[in-house]
Structures are given as structure tokens and as C-alpha cells.
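The structure comes first, and the discussion follows.

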Amino acid sequence: MNKREPPSQEAFDKLLSWLDPDRDKAAEKYQRIYLRLVRIFAAKGCVDEGDLADQTVNVVAIKIDWLIENYVGDPALYFYGVANKIFLEQRPRRPLPSPPPPPDNTEIERRCHCLEKCLETDASPEERDLVIRYHEGDGRARIENRKRMAEELGITVNALRIRICHIQARLRPCIEECLRQLDW
């Protein structure tokens, strides 16, 4: 039996007796669970909520012998867990977004040219060295490099950041002007 086929009468009877030994109470519990499943699927935006609720009941019915022997707890919670799995299986998979295009090397070269020019003309040799060293490395290596630089200068890492920020703010107008001139 698969999850689209209705359970056999025997499996359905076992399911009802698992819900409650009293047949009338079991039918009421089943009805509440089924309606709740329909509402859950509808709330998740499914248009075939009745079919998905049926599939959920079918999956539980398939496992009824195991459940009778092993499951402890509120049966409704088991139904809701199965419903969540069915929802996750049936929802459409979105394709992964394509990676962004590689950066335009000419634009990177233009910016680097302007940065180098402005470092030469508007920054002292110490500031130039500081800015270049501050941006060296990636990830953890960059963090460790900045800690070492701060220790060498006898300042905190935050003070180093502020110093670099001031230098970059002073260089920004020069870089922007250089880029404008290259555009002409």
C-alpha cells in the first residue's frame, strides 16, 4: 500500500482503536484530527488540502502495527508530524539562485589605480603602509593581522579601526575625483 491508496478496513479499524478503545470516541478523535490536518494544509497554502490529509492518514495507517506496539503519546501529534513531512515532500523546490557574475576586472583595475594614486599623493608613507597592511589577508588571518598591528602601535583594535576610517575618509574625495576623471 502506498500513501495515495486508502488503508484497508482492517488497518483503519486498528487506527481507530489506537485512537480510543471506545469506537464513538475514536471516530470523534479521528474527525477532529482529520479536520485539523485539512486546516493545517490550507494554512500552508496547499490547494489540495483534502488529498494531503488523506495521504497523512494513509501513511499513519501503513505504520499502525508499529505504532500500536511502540508509540507513546498523543496520536494526534504523530499525525501532525507526518503531515509536516508530507507538506515538505510535496512543496515545489525552488532552484538555487545562480551565482553573481564575476566582477568586471576593468572596474577593479580602475579603482585600484585610483586608490594607489591617492595613497601616493594624499597619505604619508606610514599611513600608506597602515592602510595596505590593515586590508591584508582573509577571514581569521585578517583578524589576527589587525590584532598584531594594534599591539605594534600600542593601541586597541577599535582605535586602529578609527584611525583607518579617518585615513579612508580623507582619501575618499581624491578617489572619487580620480574615478570621475577616468570616466571622461
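## Charged pairs within one helix

Arg180 and Glu177 both belong to helix α9, which covers residues 157–183, and because they stand three residues apart there, about one helical turn separates them. In this predicted model, the two side chains form a salt bridge whose closest N and O atoms are 3.0 Å apart. Both partners are partly exposed, Arg180 with a relative accessible area of 43% and Glu177 at 33% relative accessibility.

A second pair of this kind is found in helix α6, residues 105–122, where Glu107 and Arg111 are four residues apart and thus again separated by about one helical turn. Their side chains meet in a salt bridge with an N to O distance of 2.8 Å, and Glu107, at 25% relative accessibility, counts as partly exposed.

## Charged pairs between helices, and a network

Asp13 and Arg23 form a salt bridge in which the closest N and O atoms are 3.2 Å apart. Asp13 lies in helix α1 (residues 9–19) and Arg23 in helix α2 (residues 23–43), so this pair ties together parts that are ten residues apart in sequence. Asp13 is partly exposed at 28% relative accessibility, and Arg23 is likewise partly exposed, with a relative accessible area of 46%.

Salt bridges also link Glu10, Lys14 and Asp65 in a network. The count for the model comes to twelve salt bridges.

How many disulfides does the model contain? The count comes to two. One of them joins Cys114 to Cys178, with an S to S distance of 2.1 Å; Cys114 lies in helix α6 and Cys178 in helix α9, so the link ties together parts that are 64 residues apart in sequence. This disulfide is left-handed, with -75° about the S-S bond, and both of its cysteines, Cys114 and Cys178, are buried.

The other disulfide is formed by Cys118 and Cys174, whose sulfur atoms are 2.0 Å apart. Here too the partners come from α6 and α9 respectively, so that parts 56 residues apart in sequence are tied together. The link of Cys118 and Cys174 is left-handed, with -85° about the S-S bond, and Cys118 and Cys174 are both buried. With bonded cysteines counted along the chain, the disulfides follow the pattern 1-4, 2-3.

Cys112, by contrast, is in no disulfide, the nearest cysteine sulfur being that of Cys114, 9.7 Å away. Cys112 is partly exposed, with a relative accessible area of 38%, whereas Cys46 is buried, with a relative accessible area of 10%.

## The largest pocket

The largest pocket has a volume of about 260 Å³.

By class, the lining of the largest pocket has six nonpolar, two polar and three charged residues.

Technical notes
Residues are numbered from 1 along each chain as its sequence is written. This is a predicted model: local features need pLDDT of at least 70, side-chain atom pairs count only at pLDDT 80 or more; totals for chains, interfaces and linings use all residues. Side-chain values use heavy atoms; hydrogens and water are left out. A salt bridge is a side-chain nitrogen of Lys or Arg within 4 Å of a carboxyl oxygen of Asp or Glu. Helices (H or I, at least four residues) and strands (E, at least two) are DSSP runs, numbered from the N terminus. Buried means under 20% relative accessible area, exposed over 50%, partly exposed in between (1.4 Å probe, protein chains only). On a 1 Å grid over the protein atoms alone, a cavity is a set of points where a 1.4 Å probe fits but cannot get out, and a pocket is an open set with protein on both sides within 12 Å along at least five of seven lines; lining residues have an atom within 4 Å of a point. Grid points are joined across faces, edges and corners, and a volume is the space filled by probe spheres set on the points. Ala, Val, Leu, Ile, Met, Phe, Trp, Tyr, Cys and Pro count as nonpolar, Asp, Glu, Lys and Arg as charged, and the others, Gly among them, as polar. A disulfide is a pair of cysteine sulfur atoms within 2.5 Å.
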